[in-house]
Amino acid sequence: MYSAMSPFSKATLDTSKLYVSSSFTNKIPDEGDTTPEKPEDPSVLSKQSSEVSMREESDIDQNQSDDGDTETSPTKSPTTPKSVKSKNSSEFPLFSYNNGVVMTSCRELDNNRSALSAASAFAIATAGANEGTPNKEKYRRMSLASAGFPPDQRNGDKEFVIRRAATNRVLNVLRHWVSKHSQDFETNNELKCKVIGFLEEVMHDPELLTQERKAAANIIRTLTQEDPGDNQITLEEITQMAEGVKAEPFENHSALEIAEQLTLLDHLVFKKIPYEEFFGQGWMKLEKNERTPYIMKTTKHFNDISNLIASEIIRNEDINARVSAIEKWVAVADICRCLHNYNAVLEITSSMNRSAIFRLKKTWLKVSKQTKALIDKLQKLVSSEGRFKNLREALKNCDPPCVPYLGMYLTDLAFIEEGTPNYTEDGLVNFSKMRMISHIIREIRQFQQTAYKIEHQAKVTQYLLDQSFVMDEESLYESSLRIEPKLPT
């Protein structure tokens, strides 16, 4: 690459436009030196040019170089000769040095004032440097001096850069870990204390740069500050409030209140699942309660709510009361759909399809057409046809907060685990499989981390958690036969 003034020209050189290269060590002016150098003897220049690989490949003679001096305009960006394009750019770095600022442009300094930070400029200046070249060692020392590094760091500049790069990498990993996987530190106080202690030790390093010190402080602040979601009531607190208290009947709560509190409960149960339980299909093993306790609690909560809905409909002896209960629960399901609680939509629609409820022909004849059409719409939304095609589309288009149906993700994970090997034919780790699993877990985590802003109403959650009148499958069918006996054949 050529500067505006050809290096082989006999004219006076302008030090402000001089670019550092491996062959022009005697042309690097000291800082503050504005006296132009005298032109070198052409024979000396030709002798120096023989040591430069770029000039070895070029067949341009000295006369052509002088002509090029008049042809190249200093206001235009110079072109790169073929001889330079064929070389590795890391072997012949060109930089300008002006008032202690490293510039990385071949244009005039007035046209480009984008100065790099000290660390970045130093890293670029030393990239691919040949330690045996004296002028490059001198240039590295000049870069360190301009950045204000202590003398001991200038002497061991290579080790200093390695330490800084390693520190930045460690801090980046910790920042990602703390921000994206905060559950690890919420459930493991020992791990949290060890990470904080390590970061405090790092901050006492006298060689730590300002930005590194700020990054370490930010990670500590994230670990020690109160989680914004901590002011939300926990599932344990709701359960304790519901114990030993007689719940109000279903008729005393509106469909909106039930939908909101059901959504709050579903999300609190869903967000408690740690991501470790999604590995290895633990929920399908014999020891599933030990390996995946929170997934099993989520499944139990789903079944409890479904049993509650079916029991609420069946326990009404009067047919009009059963019709009213069905229509109210369908309204709750539609509100849950608007709240992006697709788990509750499936809880309610699945209870309607249970044999004890589905066989009540006299009751269903009195249900309004609007309610039946709404049930069909909701069932299509959460249907498992096409691998939950409609539900996936709804999740794709909705913004959190959201409560997805966990069974869909568990089916995907089982499909990947069974259908894709852990290792390739070459015996290497199958990272394609790991990425697919990671993608699913990342989507689950996204829905877990965004909380609903719903105020807790104890009287409603007490009803939803009350299992005193809930019947099992056998009892439900017996009650269904009693209120609507089979017709004689």
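A salt bridge is taken here as a side-chain nitrogen of Lys or Arg within 4 Å of a carboxyl oxygen of Asp or Glu. The legends below describe close-up views of a predicted model.

**Figure 1. Glu312 and Arg315 form a salt bridge.** The side chains of Glu312 and Arg315 meet with N and O 3.2 Å apart, which lies within the 4 Å limit and therefore counts as a salt bridge. The two partners are described by their accessibility. Glu312 has a relative accessible area of 0% and is buried, whereas Arg315, at 38%, is partly exposed. Glu312 is also among the residues touched by Trp329. In the protein, the count of salt bridges comes to 13.

**Figure 2. A salt bridge joins Glu236 to Lys272.** The closest N and O atoms of this pair are 3.5 Å apart. Glu236 is partly exposed, its relative accessible area being 40%. Lys272 is likewise partly exposed, with a value of 33%.

**Figure 3. Arg337 and Asp334 pair within helix 16.** A salt bridge links the side chains of Arg337 and Asp334, with a distance of 3.0 Å from N to O. Both residues lie in helix 16 (residues 319–338), where a spacing of 3 residues corresponds to about one turn of the helix. Arg337 is partly exposed, at a relative accessible area of 23%.

**Figure 4. Arg387, Arg392 and Asp412 are joined in a salt-bridge network.** The view shows these three residues, which are linked to one another through a network of salt bridges.

**Figure 5. Trp329 lies in the largest nonpolar core.** This core comprises 78 residues, of which Phe278, Trp329 and Leu464 touch the most other members. When residues up to four places away in sequence are left out, Trp329 touches Phe250, Ile258, Ile309, Glu312, Ile313, Ile348, Met352, Tyr463 and Leu464. Of the 489 residues of the protein, 40% count as buried.

**Figure 6. Helix 15 packs against helix 25.** The axes of helix 15 (residues 293–314) and helix 25 (residues 473–483) are 10 Å apart and meet at an angle of about 20 degrees. Helix 15 is therefore roughly parallel to helix 25, since angles under 35 degrees are classed in this way. From helix 15, the contact is made by Ala310, Ser311 and Ile314, and from helix 25 by Leu476, Ser479, Ser480 and Ile483. The crossing of helix 15 past helix 25 is left-handed. In total, the protein has 25 helices and 3 strands.

**Figure 7. Tyr275 occupies the loop between helix 13 and helix 14.** Tyr275 counts as buried, with a relative accessibility of 16%; the cut-off for this class is under 20%. Tyr275 touches His181, Gln183, Asp184, Ile441 and Arg445, not counting residues up to four places away in sequence. One of these, Arg445, is 170 residues from Tyr275 along the chain, and the C-alpha atoms of the two are separated by 7.7 Å. Among contacts in the protein between residues at least 6 apart in sequence, 72% join residues at least 24 apart.

Methods: Residues are numbered from 1 along each chain as its sequence is written. This is a predicted model: local features need pLDDT of at least 70, side-chain atom pairs count only at pLDDT 80 or more; totals for chains, interfaces and linings use all residues. Side-chain values use heavy atoms; hydrogens and water are left out. Buried means under 20% relative accessible area, exposed over 50%, partly exposed in between (1.4 Å probe, protein chains only). Helices (H or I, at least four residues) and strands (E, at least two) are DSSP runs, numbered from the N terminus. A nonpolar core is a set of buried Ala, Val, Leu, Ile, Met, Phe, Trp, Tyr and Cys residues joined through side-chain atoms within 4.5 Å. Contact means heavy atoms within 4.5 Å. Axes are lines fitted to C-alpha atoms, for helices over the stretch in contact, and angles run from 0 to 180 degrees between N-to-C directions. Angles under 35 degrees count as roughly parallel, over 145 as roughly antiparallel, 65 to 115 as roughly perpendicular and the rest as oblique. A crossing is left-handed if the near helix is turned anticlockwise from the far one by less than a right angle, and right-handed if clockwise.
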